Amino acid sequence: MNKNSKRVLGAVAAVTLVLGTVAVTSAQAATKTVTLVYQGPLTGTDAQTGQDEFLGAQTAVQMYNDTNPAVKVKLIQADDQGDGAVAGTVAPGIAANKAVIGVVGPAYSGASIASFPSYKATRLTMVSPSATRVTLTDTKSPDNGYPFFHRVVGNDALQGPAVVRWSIDGVDSPKVYVIDDQTPYGTGLAQAAVAYIKLKKINQVGSDSVVQKTSDYSATVSKIKASKANVVIYTGYYPDGGALAKSLNDNGWNGVFAGGDGVLNDAFIDVAGKAAAEGAKFTAPAVPFETAASAAQQAAFTKATGLKTAAGHVYVTETFNATNVFISCIKLGKVTRAGIQSCVATGTFFALDGKTILKFTRQGEVVGGAPVGGFQVVKGIIKYFGAV
Amino acid sequence: MNFSVVVSQFWPLLINGLALGFIYVLISLGYTMVYGVLRLINFANSEIFMVGTFATVIVSRNFFGFNQDTDPLSGFKLFFAMGACLVASMLVSGVTAVIVELVAYRRLRAKGTNRLASLISAIGVSIILQEGVRILTHSVPMSNPRLLRKFSVVTFGDVGIRVDTLLVIVFAAVLFFSVDRFVNKTLLGKAIRAVSMSEETSKLMGINLNRVISATFLIGGSMTGAAAFLYETVYENTKYNVGFSIGLAAFTAAVLGGIGNLRGAFYGGLSLGLLEQFAAAILGTQWKAVTVFLVLVMVLLFKPNGLFGEAVQQTRV
Amino acid sequence: MINIRDKGAELWETWNRPKRITFVLVLIGLVGLLPYAGDFSFTSILNTPISSYQAVLVYPVGMFVLMALGLNIVVGKSGLLDLGYVAFFAIGAYTAAILGTKTHLNIWEILPIGMGLAMISGVLLGLPTLRLRGDYLAIVTLGFGEIVRIVAVNNRSTGGPNGIANVPNPPSIFGVRFALDNMKGFFWIIFVMILLVIWMVRRLSIRRPGRAWEAIRQDEDVAMLMGVPILRYKIWSFSIGAAIGGAAGVIFASKSMYVAPDMFTFNTSVLILSCVVFGGMGNIWGVVLGGTILAYLPERIRFINNARQLVFGLALVVIMNVRPDGLLPRKKREKITKVSAKPEGDSNV
């Protein structure tokens, strides 16, 4: 070994020593501020869902912080791109961040499954606004999040039958055509709907799956027309649902168009156009924010997000509710992960309207299974028709 | 498998497939012309299409003040409004394409480096455009007001052929043949063809390379813009990520027909539109993309340069 | 323009054997210690906000470097543009997920199966399509990538869009534990795989296959005239690349314990290709650097949230314009289109 390489080795040894001695103590949790995380797709192809949901969390935090509480809430974004691969990287980081006491999310079922091991290991409580896959709360399933995962949204098993019941309501001899959008949400809901259709021996005349972001639905429309269906159930999101409804209408089909909470949005009318949207039916475990929010909540929404209205943004109510679950616990003085966990698991909370009670079962579902409401577009406005 | 659909819905499937195909034809010009001249996959073309759709929507909504409650127009007003939207789309897309060439390709070309560098640069521009528009629009889709009343022109039994689909077919065909004539008959067109045959030789012949390339991007981009306008006329919606799938389809169409070849883009686009339509009807929409790619592989196996492609010079990564 | 790679090679040439070995060992040691870097104030600049630093080192950084090295054999070495590389990653991941949940095989036993299946699919895809040239190959591979994903979405045995959960972690080897709360193990196994791939590529480069690939990349027709069996070497390059992608997939599935079709989109293929070109096509060190930066950058700049991807796109455009051959380009000699007269030069890729 010559002189130079000895020098190199010496330097390396010195650096290693320095590194060893300057180990940092982990940052102390701030005393006056606690941190909540919103986890969902904030960039990339699914960014829309995450960006929309984040508005609800922002609003809830804004309303709370405006009351000048003793413990303020800081809200941070964790972008998992709705992708399990990314969530597997993001979740351990959030889990390791001692300041974080609760996760609003994960928004997507796949990302939830990838995140569970990290959050379970660090006892971090989650309240998801939109992960609807049935198995997430099924303690017998291998991919459940018990006892840290909760959701304020009804799972697919509840909404599937509801959307079928509501769509064929008042239709003589219904012939149903089911279309999903190939997302975990869409296929899950479609499966639940088809199972109910089979159970009740309703006449299903066909099915199709059209991948999200498809622009041309004319082939599907042709198939629907050929099948003589008079009810179309679309399980997906409103930008695609609106395009499908428009295409159906433009091609002279006039039956009942129905969809789940993904399609329920004021922007659906804008996308589909008034003529095509008229009479469309939706179901949802929660009322759209722009319909249900009080004036104060609307004002807080505008203040927090800089947007005039929540129309065009999905799941804002659900995220608002999920965030409020944590905030209610923080109001009670629970500012540790353990405190939050027991509080969320046992406490009673209120939804956006201040009346509807949210309480979680042991598995993390809303007690009584988040009532599924029926909606319909009447004269260009989405009207609420009560539980179905 | 469901062949009864094809029997009862043959005409709508055919006409809608043709209309979609013609939109592909125009977009694939943006790929194929650039490829012909630069031997480069113009990856940003899908975003150029996206920008074009927003141009139409913004002109009709913000400039004219139309919205979803506006009644469809007629007569001169209709002609004028749609003309303005078309011009705006073509202009915005064309200019964006030229800017993309300046920003992403020109420096690289001047250095004479590998084509993959340009490809990655194009992907970068694509991400910038898409994410930029996403942030500007808050990720919300925008809908285009209905300017043209969608009545049926011809009816076969209970199915009608709508005026907007016919408009797409007629207008796109006219545009395509004008571009075809332009490239084959004018001096600039001749220059474009010369450059696509040999860059070196055409430089020696005194052709201003940069000008010709800019012109190619302008034409390809504005055709993509015209497609964006036609797309808005039929589908009336757009979103920051609208370009991805349609751009991919148009690129596939260009390859199917033989990339770098104008007529190839024409036949490739039409076959792809029809193929997608009938595959979706017969096999189910979820297998549409698989069918398209399998057909593409089969075609390339027997005709390695696409359906109508001349032997493209050997290309190297 | 300065070529750091050439400068480095010059320096390397002047070193004697012990010096080289010391350097390599120190380098390996330092990289091996990377998972601890986030814990010290001195190096905590490396730490990523929000996401877990150790997890970031495994995916995306380690995975992308490994896959970029695999793709580099295809794109950089033999000049075949593959836009569907993610397909092999997906095949490896789904093999691990299906065998890991349905059989009693452990991940180490599945690893060769996953690599084998990826390799076979590489051969099956390559046999008909590698006769195509240039960009026609690009679109066919792109289509293959999409087909694999779409089949996974529409198939019951792959769990459809929901994917497969509860893929087992690998059993521990040499006392190293592999679990979600212990990402160091995964990092080290990927690091070992990266080292193996680098070693393999360096060996191959100076031997017959490497020279054949180089000839094919520079001029296919001339290579054919010189008697290089083009198709055979192309398929070799393709299937070796595929096997590496498959290996990455197996480890990925067992690391994240969950696979779903959404993880294997066209965007991932594009990203891996970007790593290769961004770093310096054909040069191992460039590819490693490119993969590291492009995988790490979006995680490091998480604090700018909304504009994260925008900055990423900007970085691609700016760097490609400033350094079109990548950060560490391949040797100048290799860029000359004439086939080099020197048959066995220095081994540096």
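Predicted model: local features only at pLDDT ≥ 70, side-chain atom pairs only at ≥ 80, totals over all residues.
Chain C contains 14 helices and two strands. Its radius of gyration is 20 Å, close to the 20 Å that the globule rule gives for 349 residues, so chain C is as compact as a globular protein of that length. Among the contacts of chain C with a separation of 6 or more, 77% come from residues 24 or more positions apart.

In chain A, five strands form an open sheet in the order S2-S1-S3-S4-S5, and the pairing is parallel. Strand S2 (72-79) and strand S5 (149-151) of chain A stand at the edges with a single partner strand each, so one side of each is left without a neighbour in the sheet. On average, and with direction ignored, neighbouring strands of this sheet are turned by 25° against each other. Strands of a sheet pair through backbone hydrogen bonds, either parallel or antiparallel. Strand S1 (residues 33-40) of chain A pairs with S2(A) in the parallel sense over eight bridges. Within this pairing, Thr35(A) has Lys74(A) in S2(A) as its bridge partner.

Helices of chain A accompany the sheet. Helix H13 (residues 316-331) of chain A packs on the sheet and touches S1, S2, strand S3 (100-104) and strand S4 (125-128) of chain A. The direction of H13(A) makes about 155° with that of S3(A). Helix H14 (residues 337-346) of chain A lies across S3, S4 and S5 of chain A, and runs at about 45° to S4(A).

A further helix of chain A, H8 (residues 238-250), has 13 residues and reaches 18 Å from its first C-alpha to its last, close to the 18 Å expected at 1.5 Å a residue. H8(A) is mostly covered, with 13 of its 13 residues buried. After H8(A) comes Gly252(A), whose phi is positive, near 80°.

The contact between the chains takes 40 residues from chain A and 37 residues from chain C. On the side of chain A that touches chain C, the elements giving two or more residues are helix H1 (3-21), S2, helix H3 (84-96), helix H4 (109-121) and helix H6 (184-199) of chain A. H3(A) gives the most to this side, with nine residues. By class, the side of chain A that touches chain C has 21 nonpolar, 15 polar and four charged residues.

Note on methods
Residues numbered from 1 in each chain as written. Chains lettered and ligands numbered in written order. Helix = DSSP H or I, 4+ residues; strand = E, 2+ residues; numbered from the N terminus. Rg over C-alpha atoms; globule rule 2.2 N^0.38 Å. Contact = placed C-beta atoms within 7 Å. Expected span 1.5 Å × (residues − 1). Buried ≥ 20, exposed ≤ 12 C-beta atoms within 10 Å, placed from the backbone. Pairing = 2+ DSSP bridges. Axes fitted to C-alpha atoms, helices over the stretch in contact; angles between N-to-C directions. Nonpolar A, V, L, I, M, F, W, Y, C, P; charged D, E, K, R; others polar.
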